[in-house]
Amino acid sequence: MVQTFTEPQTISLEVPNSIALLVTGEQFEALTLANPDLRLERTAQGELIVNPPTGGESGNSNLSISGQLDRWCELNEDLGKGFDSSTGFILPNGARRSPDASWVSRARWEALTPKERKGFVPLCPDFVVELRSASDSLSTLQAKMREYIDNGARLGWLIDPQNRRVEIYRQQAEVEISIDPAELSGEDVLPGFVLNLRRVWS
């Protein structure tokens, strides 16, 4: 009698929100390398966060935000570097975060070693954007924005298309709420940058 062996089938494991999966920094980096198509984050406490792919509307809005930031960066190359949502940063508190768009000043970028620039960038960006999708919890994003500011970000925008509002975060300042703005200013962090929100709201 000849025995045959079949390959084991892969099954998906659904993890309730009430259960936290904890990973070390090394395990997290191994997971990101093994799952390049997933957008993974890790909290300062070590909790793994798997962000689902965005829908069409969020993807289009995010493209507009990243595209406008990129055009400004091309005209202001001497000021710093811009990044899209696939870039991971290791914040000073140990969290691994991937803002929807971000920017780092040239002096801070050039202070990094070549190795540090290639992997998860070991700093908090000077400027961050989080775009709320339909599946995102507002309170979770607000906590993330406060984390960015606490870890060194100088300016942050939490853009909420569902309610057509923006929360503006700054160092040592109360959160400013702007209802249905047509545009946002990069202030002294991104001098001359103005984000047109027309495509974000549409």
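Leaving aside its neighbours within four places in sequence, which residues is Thr87 in contact with? In this predicted model, the residues that Thr87 contacts beyond that stretch of sequence are Arg97, Ser98, Pro99 and Val121.

## The loop between E3 and E4

Thr87 belongs to the loop that runs between E3 and strand E4 (89–90). Its relative accessibility is 16%, and because the cut-off for a buried residue is under 20%, Thr87 counts as buried.

Asp84 is found in the loop between E3 and E4 as well, but with 38% relative accessibility Asp84 counts as partly exposed. The side chain of Asp84 is joined to that of Ser86 by a polar contact of 2.6 Å. When residues up to four places away in sequence are not counted, Asp84 touches Ser66, Pro99 and Asp100. The C-alpha atom of Asp84 is separated by 6.6 Å from that of Ser102, although these two residues are 18 residues apart along the chain.

## The six-stranded sheet

Six strands form an open sheet with mixed pairing, in the order E3-E6-E7-E8-E9-E10. Strand E3 (80–83) and strand E10 (176–179) stand at the edges, where each has a single partner strand, so one side of each is left without a neighbour in the sheet. From one strand to the next, the twist averages 15°.

Within this sheet, E7 and E8 run parallel and are joined by five bridges, and Phe127 has Leu155 in E8 as its bridge partner. E9 and E10, by contrast, pair in the antiparallel sense over four bridges, with Glu167 standing opposite Ile177 in E10.

The largest nonpolar core has 22 residues, of which Phe127, Trp157 and Ile159 touch the most other members. At least two residues of this core are supplied by each of helix H2 (56–75), strand E6 (101–105), E7, E8, E9 and helix H6 (198–201), and the largest share, four residues, comes from H2. Another core, of 18 residues, lies apart from it and includes Phe83, Met145, Ala153 and Leu158 among its members.

## Helix H5

Helix H5 (residues 138–150) has 13 residues, which at 1.5 Å a residue should span 18 Å; the C-alpha atoms at its ends are 18 Å apart, which agrees. H5 lies across E7, E8 and E9, and runs at about 25° to E9. Just after H5, Gly152 takes a positive phi of about 120°.

Where in the structure does Glu147 lie, and which residues does Glu147 touch, not counting those up to four places away in sequence? Glu147 lies in helix H5 and counts as buried, at 12% relative accessibility. Outside that sequence range, Glu147 touches Ala44, Leu91, Asn93, Ala95 and Arg97. With one of these residues, Asn93, the side chain of Glu147 makes a polar contact of 3.0 Å.

Asp180 is not a glycine, yet it has a positive phi of about 50°. Asp180 is found in the loop between E10 and strand E11 (183–185) and, at 40% relative accessibility, counts as partly exposed.

Glu187, likewise a residue other than glycine, has a positive phi near 55°. Glu187 lies in the loop between E11 and strand E12 (194–196), and its relative accessibility of 29% means that Glu187 counts as partly exposed.

Key:
Residues are numbered from 1 along each chain as its sequence is written. This is a predicted model: local features need pLDDT of at least 70, side-chain atom pairs count only at pLDDT 80 or more; totals for chains, interfaces and linings use all residues. Side-chain values use heavy atoms; hydrogens and water are left out. The expected span of a helix is 1.5 Å times one less than its number of residues. Two strands pair if DSSP finds at least two bridges between them. Axes are lines fitted to C-alpha atoms, for helices over the stretch in contact, and angles run from 0 to 180 degrees between N-to-C directions. Contact means heavy atoms within 4.5 Å. Buried means under 20% relative accessible area, exposed over 50%, partly exposed in between (1.4 Å probe, protein chains only). A nonpolar core is a set of buried Ala, Val, Leu, Ile, Met, Phe, Trp, Tyr and Cys residues joined through side-chain atoms within 4.5 Å. A polar contact is a pair of N or O atoms within 3.5 Å; within protein, one must be able to donate a hydrogen and the other to accept it, and residues adjacent in sequence count only if both atoms are side-chain atoms.
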